[in-house]
Protein chains: 2
Amino acid sequence: MKNYIIHDEWKIIEDKFRPEYNEISESLCSIGNGRMGQRANFEEKYSGSTLSGSYIAGVYYTDKTRVGWWKNGYPEYFAKVLNAANWIGINITIDGEELDLATCEVTDFSRILDMQTGILYRTFEATLASGKKVAVSSRRFCSIADDQIGAIEYSITAVNFDGNLTIEPYVDFDVENKDSNYDEKFWIEIAKETTAGAVYNIAETKKTAFQVCTGTEYKIIQNGNAVDLSNAELIQKEKFVSNIINIKTKEGETTTIYKYAANISSFNYEKSEILAKCKEAVGRAVDAGFESLLDAQINAWAAKWEESDIKIEGDIAAQQGIRFNIFHMNQTYTGEDERLNIGPKGFTGEKYGGSTYWDTEAYCLPFYLATADEKVSRQLLVYRYKHLQKAIENAEKLGFSDGAALYPMVTMNGEECHNEWEITFEEIHRNGAIAFAIYDYIRYTGDKQYLTEYGLEVLVGIARFWAQRVNWSEAKKQYVMLGVTGPNEYENNINNNWYTNYIACWTMDYAREAIEFVKSDDVEKYLAVANKMSLNEATETAKWADISEKMYYPANEEMGIFLQQDNFLDKEIIKVSDLDKKHLPINQNWSWDRILRSCFIKQADVLQGLYLFEEHFSEAEHRKNFDFYEPITVHESSLSPCVHVILASKLGKEEKAYEMYVRTARLDLDDYNNDTEDGLHITSMAGTWMSVTKGFGGMRVYDNMLHFAPIIPKQWTSFDFNIRFRGTVLDVKTTQKTVTVTNHSDADLTVKVYGELVEVKGNSAVEVATKS
Amino acid sequence: MKNYIIHDEWKIIEDKFRPEYNEISESLCSIGNGRMGQRANFEEKYSGSTLSGSYIAGVYYTDKTRVGWWKNGYPEYFAKVLNAANWIGINITIDGEELDLATCEVTDFSRILDMQTGILYRTFEATLASGKKVAVSSRRFCSIADDQIGAIEYSITAVNFDGNLTIEPYVDFDVENKDSNYDEKFWIEIAKETTAGAVYNIAETKKTAFQVCTGTEYKIIQNGNAVDLSNAELIQKEKFVSNIINIKTKEGETTTIYKYAANISSFNYEKSEILAKCKEAVGRAVDAGFESLLDAQINAWAAKWEESDIKIEGDIAAQQGIRFNIFHMNQTYTGEDERLNIGPKGFTGEKYGGSTYWDTEAYCLPFYLATADEKVSRQLLVYRYKHLQKAIENAEKLGFSDGAALYPMVTMNGEECHNEWEITFEEIHRNGAIAFAIYDYIRYTGDKQYLTEYGLEVLVGIARFWAQRVNWSEAKKQYVMLGVTGPNEYENNINNNWYTNYIACWTMDYAREAIEFVKSDDVEKYLAVANKMSLNEATETAKWADISEKMYYPANEEMGIFLQQDNFLDKEIIKVSDLDKKHLPINQNWSWDRILRSCFIKQADVLQGLYLFEEHFSEAEHRKNFDFYEPITVHESSLSPCVHVILASKLGKEEKAYEMYVRTARLDLDDYNNDTEDGLHITSMAGTWMSVTKGFGGMRVYDNMLHFAPIIPKQWTSFDFNIRFRGTVLDVKTTQKTVTVTNHSDADLTVKVYGELVEVKGNSAVEVATKS
């Protein structure tokens with residue numbers, strides 16, 4: 001837990017030099033554009049504590065798996081997000097003394113991320129050992145308008161001396177991943193090119209053989225005049241290219257470097273053309289110039305905010321927190337490329353590797369559904385469709401057959417890359433989330449044709465998996481599912497996880513519905529799919545129906561609760577509030593077996609099911625289960641509180657909802673878990689957004705209609721969220737007294753507020769009283 | 001599965017050069033003496049496939065733990081058996097051509113381990129590329145009469161040439177462990193000394209800082225005359241010392257090298273004196289000479305065989321198998337040093353590291369109880385007593401308190417070094433085996449005072465652990481034990497493992513009995529222990545009694561079976577015989593989750609409990625459980641078949657008993673599991689011994705009396721085992737018709753045979769008819 005970021009509506013402000021928190025600030029102020037991104041590292045050399053990180057979407061490394069004890073079925077590698085070339089670097093030397101904030105006296109330091117525009121600002125004054133003092137200010141961004149481009153403006157003023165200024169803009173591929181399993185470097189140099197004013201460097205990843213060309217051109221302006229670069233010393237070292245320029249400077253004089261960069265990878269172009277494409281992109285940036293690129297950046301972000309902003313009045317910390325979450329979601333994934341997905345750290349760090357967890361479907365999809373064009377969330381679904389064959393192969397490795405599909409726990413390219421048996425092999429509810437996402441997408445967008453085009457195949461593959469994964473229990477005379485790990489990862493290898501059993505049966509039911517729909521929608525397409533998948537409709541659907549009908553669900557009728565798993569009530573039930581605080585978080589204080597046999601829940605499990613399938617259960621069922629499970633939940637997953645905000649809001653538990661909200665909204669900003677230095681919890685940020693919209697806002701879609709049922713925390717004056725729904729753009733503002741639904745589109749829209757039909761005419765607003 | 005070892009009563013014979021099986025033969029023909037041991041590597045250079053291994057008891061390395069995903073509570077290191085100096089090496093060069101069997105034509109090769117004497121023989125003829133041919137024969141042993149000493153006789157004959165012979169006897173510490181976690185070498189050079197005829201080398205392990213001095217002196221005899229060594233070239237390289245001697249040889253002439261070696265470690269001496277002690281030991285060997293050392297070796301082994309031999313007539317493969325097992329048990333552990341124990345690979349390989357598993361108590365102890373002086377098995381118990389404080393600390397790391405002790409799963413020095421959560425933290429039945437060993441020792445020896453001297457403290461520590469490890473289930477209104485792994489490691493994190501629950505309660509009962517005994521035996525000692533352990537007798541024993549009384553045991557009354565764990569009957573029950581053979585062994589063909597949710601059992605679990613607590617259960621209970629569990633057991637642990645032999649024999653299932661026996665007796669000799677190259681399954685060898693004595697022999701000790709109830713497989717003419725019991729030496733021979741108990745001691749002895757009292761006078765025999 002930290003509290004050094006200045007509260008501000010739109011900005012993340014570090015207001016003085018805090019080398020001890022540098023890696024945290026580097027994470028928080030990361031910038032990206034869906035295609036590339038980077039941590040807020042310094043441009044000039046820094047010998048202090050730093051985690052250098054520059055990432056290019058889709059470019060990864062298959063690091064050889066490291067385990068203590070091998071288990072059959074483990075993948076050979078773990079796909080790592082790859083630290084790519086450092087293109088921001090500008091070494092500065094003054095009369096032979098290097099500018100390095102770790103060895104200077106630093107004053108007037110600030111690092112500011114302006115979330116409204118996606119621009120990173122930095123200013124400082126540094127006094128060198130010699131007593132010479134410089135003032136620096138920089139601006140930098142990854143263009144969201146042209147996602148190949150990044151630009152830097154770096155100004156340095158000689159405060160108290162005349163002297164020689166040496167400037168070395170560079171591109172460096174000699175970088176490493178801190179989490180490399182075997183201390184290997186992953187890049188091999190392919191080519192480099194250095195001319196006065198421009199450096200280009202091409203490197204290739206080992207094994208995966210991605211090539212990336214990173215190039216920059218730069219200009220130096222002194223006294224309004226461009227410095228002549230023709231005498232630049234051209235430097236080439238192993239995987240490193242630069243120019244060194246020596247110029248004079250005088251007291252009070254400012255020298256400004258404009259560095260324009262591009263990253264072009266073989267993920268998008270032929271290897272033979274990446275150098276040319278990179279030069280083209282850099283040239284485009286140079287031609288446009290810094291101010292013009294900046295204008296485009298500001299406009300592009302303004303458009304994003306129009307669709308996705310949430311305003312909270314009366315609570316600046318909450319306001320900053322929610323915008324921080326939305327900002328990072330928007331710069332991590334833009335939906336431009338169906339091969340990309342949302343990594344757990346986005347472009348802000350390397351940890352956890354991989355790019356795709358079930359987080360995408362369960363937490364991120366709803367955000368993109370409601371804040372971007374439907375093609376953005378459709379891309380997330382198509383990503384899984386394209387991986388169906390790999391999911392079938394993954395299931396085969398684990399002994400399944402006949403086209404059963406198990407999607408991986410963690411993946412970059414459709415292949416499993418995780419290697420903990422209790423997760424990799426057993427946390428199979430992820431398969432259900434992937435099926436549910438199809439339903440959720442169609443529910444929100446109405447695009448039922450998606451089933452015909454892509455959805456059916458995925459549903460059949462997953463339904464087949466469930467049908468093979470259960471077994472008939474002679475003892476229970478019901479189907480059971482043994483040896484799973486549910487969403488609550490503080491239980492492993494359990495039997496009959498209620499959530500998993502439920503979503504498995506739901507998938508089998510939905511797959512049957514999907515078959516019926518596609519048959520009616522496009523019988524030829526249906527026959528083609530059935531043929532492609534060797535679907536034996538009658539036998540298979542009969543089996544699915546039988547399982548769904550005769551599935552066992554652990555429950556305690558007397559208590560009116562579903563049981564997270566078999567024998568859950570054999571545990572000693574202790575409320576978290578009755579646990580001595582010294583034990584928390586238990587994942588840092590308890591050995592794994594102690595966690596497993598305790599009653600404590602890492603994240604919503606039965607409650608995750610009630611959240612997803614809300615309409616299948618009565619309010620009493622919601623309430624009894626919430627009242628039983630919430631007090632024994634430690635929320636040690638960043639994905640837990642949001643579900644609790646949503647359920648607590650529904651049940652009118654405003655205080656509990658607010659308590660949970662606070663826990664999620666500023667998780668990274670205040671470094672709750674002491675791990676922000678590794679990067680941000682990108683996927684849980686979508687959960688924060690859901691907390692406001694689906695939680696406090698009570699937003700749902702049923703029967704092709706938006707529903708709202710806002711409650712407002714007493715700490716807030718108002719909250720106000722922008723969403724899109726089937727072509728309309730809405731704004732829902734809730735104060736302590738009123739709920740105002742504003743329709744920013746021309747078409748009229750009917751919604752329900754607190755269960756009552758409300759018609760909102762085009763370009764007008766309707767106000768109803770807030771329920772308390 | 002291989003079948004290349006020639007069947008012989010006393011010898012392990014590899015009768016031709018099989019480079020493809022070299023590492024297997026190296027394991028099979030390993031020699032040792034309890035203090036040191038080595039694989040049957042070649043003396044001369046060998047560039048083919050080989051696993052060099054030379055090991056010194058008690059000298060280990062704490063290799064940094066390697067895991068994929070860290071869990072709280074994991075130890076920082078895994079203690080590895082350490083490959084130490086190669087002291088057997090003799091490089092041979094003929095006219096500049098190296099003798100290397102990988103590059104020669106090899107004929108008349110044999111490698112023979114004579115188990116009767118513990119001597120390793122090798123002979124071969126090798127034709128070099130030049131056409132020159134040499135004949136070599138060697139004899140080598142690790143002296144079991146003087147455990148610091150090893151000796152080699154290596155004779156080389158020039159078959160078809162006159163020429164120059166270069167001989168380089170060396171000691172090499174520049175060795176590695178193949179299973180090093182981070183490809184590190186573990187030895188640092190400390191000192192070396194080379195004179196003509198003698199080389200000494202001292203090295204120290206990193207981190208653990210053990211020092212070992214390995215030294216050798218050698219003589220060379222040609223035509224009956226000692227070769228003058230004064231012109232030997234003295235070689236010193238990094239961690240390597242040697243002499244190089246150039247001599248002439250003539251066609252038909254034999255040159256013999258005698259190499260005497262000693263290994264002295266700081267495990268036994270001050271570092272300052274190991275060089276002197278090493279010289280002293282080598283000097284002792286030189287003074288005695290090869291033949292005299294050989295005589296002592298032969299005599300010492302004869303004495304061991306007198307107490308532990310098993311003869312099987314009519315089945316030479318079974319005869320060779322059982323002697324192979326007994327031989328390795330005897331050379332692995334001698335009981336000389338209470339700080340030593342029985343590693344899973346003994347001195348035959350590095351795999352699995354560590355030195356002590358529960359195998360020691362559950363499988364090895366009965367062997368040493370019945371075949372050696374009682375002080376040998378007492379040392380095994382004292383080993384655990386000395387580790388009690390570490391076991392208490394180990395339990396504290398996992399959240400236990402107040403003197404609860406959890407012995408490690410794998411250890412070298414009392415500290416846990418294993419790192420799989422489902423084993424390290426959950427396979428806690430090991431604690432029960434350590435308690436049971438105390439009972440078993442006293443039952444066999446009658447040495448009840450052991451409780452007073454050492455046993456009580458260990459029992460209290462373990463009973464406390466169990467009392468904290470269970471919890472009260474409100475649902476069952478009984479005590480339960482959640483989240484354990486039983487002896488059947490193909491189930492993880494299960495609830496209420498019947499075996500673990502049972503042995504836990506038994507321990508708590510036995511600890512109460514022990515308290516009563518020690519109070520009556522020596523009340524002052526009792527008060528001292530109670531004080532040392534802060535024992536609150538009344539409260540603690542009441543708690544233990546309450547738990548024991550109200551423990552929950554899963555069972556199915558209708559089927560008359562105990563259930564291995566909660567909900568076991570939810571599994572699909574399939575007999576192994578109904579499983580397509582392509583799936584076996586499942587641990588090489590199935591992913592871990594599939595194994596876990598299957599019904600298949602790796603090794604005896606409920607049946608392990610019936611074996612240990614035989615007298616608590618009726619024959620019907622034995623039969624029903626055996627009939628249920630045996631058919632679903634895959635015996636993929638080398639520790640499984642022996643328990644089944646014992647139970648099948650008891651139940652009169654001779655065929656099943658024989659089938660299981662065959663599986664265990666030649667496990668390594670025939671390389672059943674394709675892993676003999678890694679080393680031998682030392683601890684399971686004791687299980688093979690038990691199969692004959694406790695299985696076919698029906699040997700038990702109840703009420704201070706030996707019981708026998710032999711059955712004999714129809715494939716055998718007779719079997720005959722030697723044992724010791726409370727000062728008498730017995731021989732029990734069973735033919736198809738008679739059981740003859742011979743008493744080789746002066747004192748009379750009363751035993752039971754088939755439940756009838758039989759008095760066997762001193763130095764006489766009694767015969768009864770064999771029951772069929």
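A salt bridge is a side-chain nitrogen of Lys or Arg within 4 Å of a carboxyl oxygen of Asp or Glu. Between chain A and chain B the count is six salt bridges. In one of them, the side chains of Asp570(A) and Lys476(B) meet at 2.4 Å, N to O.

This is a predicted model: local features need pLDDT of at least 70, side-chain atom pairs count only at pLDDT 80 or more, and totals for chains, interfaces and linings use all residues. Residues are numbered from 1 along each chain as its sequence is written.

**The contact between the chains**

Contact means heavy atoms within 4.5 Å. Chain A brings 51 residues to the contact, and chain B brings 51 residues. Together the chains bury about 4,000 Å², 49% of it on carbon and sulfur atoms. Buried area is the accessible area (1.4 Å probe) that two parts lose on being put together, summed over both. Trp69(A), Asp570(A) and Arg597(A) lose the most area on the chain A side, together 19% of what that side buries.

The side of chain A that touches chain B splits by class:

| Class | Members | Residues on this side |
|---|---|---|
| Nonpolar | Ala, Val, Leu, Ile, Met, Phe, Trp, Tyr, Cys, Pro | 18 residues |
| Polar | the others, Gly among them | 17 residues |

**A helix in chain B**

Helices (H or I, at least four residues) are DSSP runs, numbered from the N terminus. Helix 17 of chain B spans residues 619-629. Its buried residues (under 20% relative accessible area, 1.4 Å probe, protein chains only) are His622(B), Asn625(B), Phe626(B), Phe628(B) and Tyr629(B). They fall within an arc of 165 degrees seen down the axis, so they line one face of the helix. The arc is that of the directions from the helix axis to the C-beta atoms.

Key:
Chains are lettered from A and ligands numbered from 1 in the order in which they are written. Side-chain values use heavy atoms; hydrogens and water are left out. Buried means under 20% relative accessible area, exposed over 50%, partly exposed in between (1.4 Å probe, protein chains only). Helices (H or I, at least four residues) and strands (E, at least two) are DSSP runs, numbered from the N terminus.
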